[in-house]
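Hi,

Here is the structure I promised to pass on.

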Amino acid sequence: MDIVSRGFSGRRSAADVKLPPGQYLTTDFPVLSAGPTPHVPLDQWEFTIEDGTGVLRRWNWKSFRDLPAETFRVDLHCVTRWSKLGTSWEGVPLDTLLADLKTDASHALAHSYGDYTTNLPLSDLMKKQAWVAFRFDGKDLAPEHGGPARLLVPHLYLWKSAKWVRGITLMHQDKPGFWESLGYHNYGDPWREQRYSGE
Amino acid sequence: MWRPGTVVVLHDETATARTITLEVPDWPGHVAGQHVDVRLTATDGYSAVRSYSIASAPNTEGRVELTVERLANGEVSPYLTQEVAIGDRLELRGPIGGWFVWRTQQTEPIQLIAGGSGIVPLMAMIRSRVAAASIAPFRLLYSVREPGAVLYRDELEALSNHGQPVNLTYTYTRAVPKDWPRPPGRIDAALIATSTWPSNLVPTCYVCGPTAFVENAAGLLSDYGNSADKIRTERFGPTGDRK
Amino acid sequence: MSSHSYDYLDGNAAAGELSKIFALDVTAAEGQCAHCGATKRFAEAHLYMRGPGVVARCVVCEHVLLRLVNVRQRVFLDMSGMTYWSLDTSLLHQISR
């Protein structure tokens with residue numbers, strides 16, 4: 001029997017905006033992590049696109065920052081139930097990074113400095129749905145929020161937006177990442193409340 | 001595994017810390033150093049769980065005391081330190097822990113090092129020692145931000161007077177009392193050398209507080225010659241979402 | 001490239017969650033890291049709990065020792081990061097009442 005704690009409501013606040021089911025609004029920017037914050041010197045940072053056979057594309061920080069970037073505003077939805085709306089970022093669209101790449105891969109595994117990985121269909125990285133973002137709220141992205149650069153895929157739960165991203169591996173077969181392999185939903189659409197596997 | 005406890009006593013220790021005494025039917029008893037998980041549930045089923053060290057000595061009355069420090073951005077500690085009333089019920093899981101404990105059968109010298117609210121489980125150890133009339137010699141090095149932040153001051157005073165069981169050293173990180181011989185700052189090697197047991201006496205050391213505090217103090221104890229298996233640590237920190 | 005920010009807790013913090021699964025106290029357990037071979041008390045492991053799940057890491061090499069996720073009425077536990085755990089059978093939880 002659960003006891004209800006008289007007068008306890010937690011950190012939630014009511015929202016008059018439409019949120020995905022089960023989410024609450026936050027004005028903070030909670031920091032969640034599965035491990036230590038990596039500190040990646042910019043002169044060692046790299047982003048690569050690989051497939052099973054090798055590296056197809058590689059950028060260092062300079063060549064990455066030479067790419068055309070854009071500013072954009074998106075809503076973030078974390079599976080731990082907080083949502084943060086209208087966040088502003090600057091980043092390079094995955095469409096740019098994947099441009100003219102000939103591949104018949106169906107899926108991608110994003111991997112980060114540290115050991116974090118997350119998987120998604122390759123098509124979810126394209127058509128203006130995903131960026132490698134390096135500035136948040138007008139400032140360089142802080143390490144605790146994934147800096148120097150993180151993946152941002154706002155149409156899925158935020159665990160798919162891999163912090164400290166270092167590359168994408170193209171795959172012909174889906175392979176679950178860090179949380180997907182331990183009970184979290186393989187796809188993770190917040191609007192269909194796909195938090196856990198089997199829902 | 002969750003059992004209800006009823007709030008029977010509330011006592012403000014400082015401006016920001018409160019001790020909550022709970023009566024827990026069928027409480028199996030505990031060992032000094034153990035903690036409980038406390039679960040709060042809102043009417044819509046939303047729940048939050050936090051860990052709190054048991055402050056009271058082992059007893060047979062089924063009473064559990066928790067001393068909770070209010071965190072400015074906390075989700076649970078403001079509720080526990082400001083909203084909870086006598087007669088309210090809280091759900092507890094525990095007691096938990098078998099390593100960061102002091103058992104009354106231990107007779108070796110004990111070195112306690114507390115940072116801020118890290119004093120809570122160490123106070124349970126001190127209270128346990130007193131209740132059991134143990135003769136194990138205790139030293140406590142207690143680091144706080146400023147004098148107003150000291151918990152259990154009067155009780156510690158009584159226990160550290162001449163001839164009493166606990167040798168007590170305060171140290172302050174932000175603001176010191178008038179005429180204090182040492183400027184505010186972190187624990188350093190000099191303080192370890194002057195206030196803790198010589199390592200050749202092979203004390204069992206318990207270090208508790210925020211992670212950065214524990215890493216500093218435990219590292220200094222190790223540098224001083226205490227071996228790793230004689231240094232037990234418990235790190236405190238927020239477990240709700242960080243900002 | 002490990003962090004020097006003290007944003008972790010230790011094995012004591014995860015003991016309540018693990019008490020749902022293990023009858024014996026885990027904090028005093030000794031575990032061997034499957035990656036680097038270091039054998040340490042679980043109480044000393046680096047614990048990351050502010051995320052979608054609980055992650056315990058080796059203090060020596062930072063590789064994952066253990067992961068735990070609560071999914072509705074189920075708990076998922078991955079201990080592939082440890083070659084073994086040795087637990088003290090005299091430290092039973094008082095859970096049955």
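Where the two domains of chain B touch, domain 1 puts in 15 residues and domain 2 puts in 13; I call two residues in contact if their C-beta atoms, placed from the backbone, lie within 7 Å. The domain 1 side of that contact has seven nonpolar, six polar and two charged residues. For those classes, Ala, Val, Leu, Ile, Met, Phe, Trp, Tyr, Cys and Pro are nonpolar, Asp, Glu, Lys and Arg are charged, and the others, Gly among them, are polar.

A word on conventions: this is a predicted model, so to speak of a local feature I need pLDDT of at least 70, side-chain atom pairs count only at pLDDT 80 or more, and totals for chains, interfaces and linings use all residues. Residues are numbered from 1 along each chain as its sequence is written, while chains are lettered from A and ligands numbered from 1 in the order in which they are written.

Now chain C. It has one helix and eight strands, in the order β-α-β-β-β-β-β-β-β from the N terminus. These are DSSP runs numbered from the N terminus, H or I of at least four residues for helices and E of at least two for strands. Of the 97 residues in chain C, 47% are buried, meaning that 20 or more other C-beta atoms lie within 10 Å of a residue's own, with C-beta atoms placed from the backbone.

The part I'd look at is strand β5 (residues 54-57) of chain C: C:Val54 and C:Ala56 point one way, C:Val55 and C:Arg57 the other, and all are buried. On one side, β5(C) runs antiparallel to β4 (residues 46-48) with three bridges, and C:Tyr48 has C:Val55 as its bridge partner. Strands count as paired if DSSP finds at least two bridges between them. A five-residue hairpin links β4(C) to β5(C). β5(C) also pairs antiparallel with β6 (residues 64-71) through four bridges, with C:Val54 opposite C:Leu68.

Finally, which residues of chain C meet chain B? There are 23 of them, in contact with 22 residues of chain B. α1(C) gives the largest share, four residues.

Cheers

Key
A residue is buried if 20 or more other C-beta atoms lie within 10 Å of its own, exposed if 12 or fewer, and partly exposed in between; C-beta atoms are placed from the backbone.
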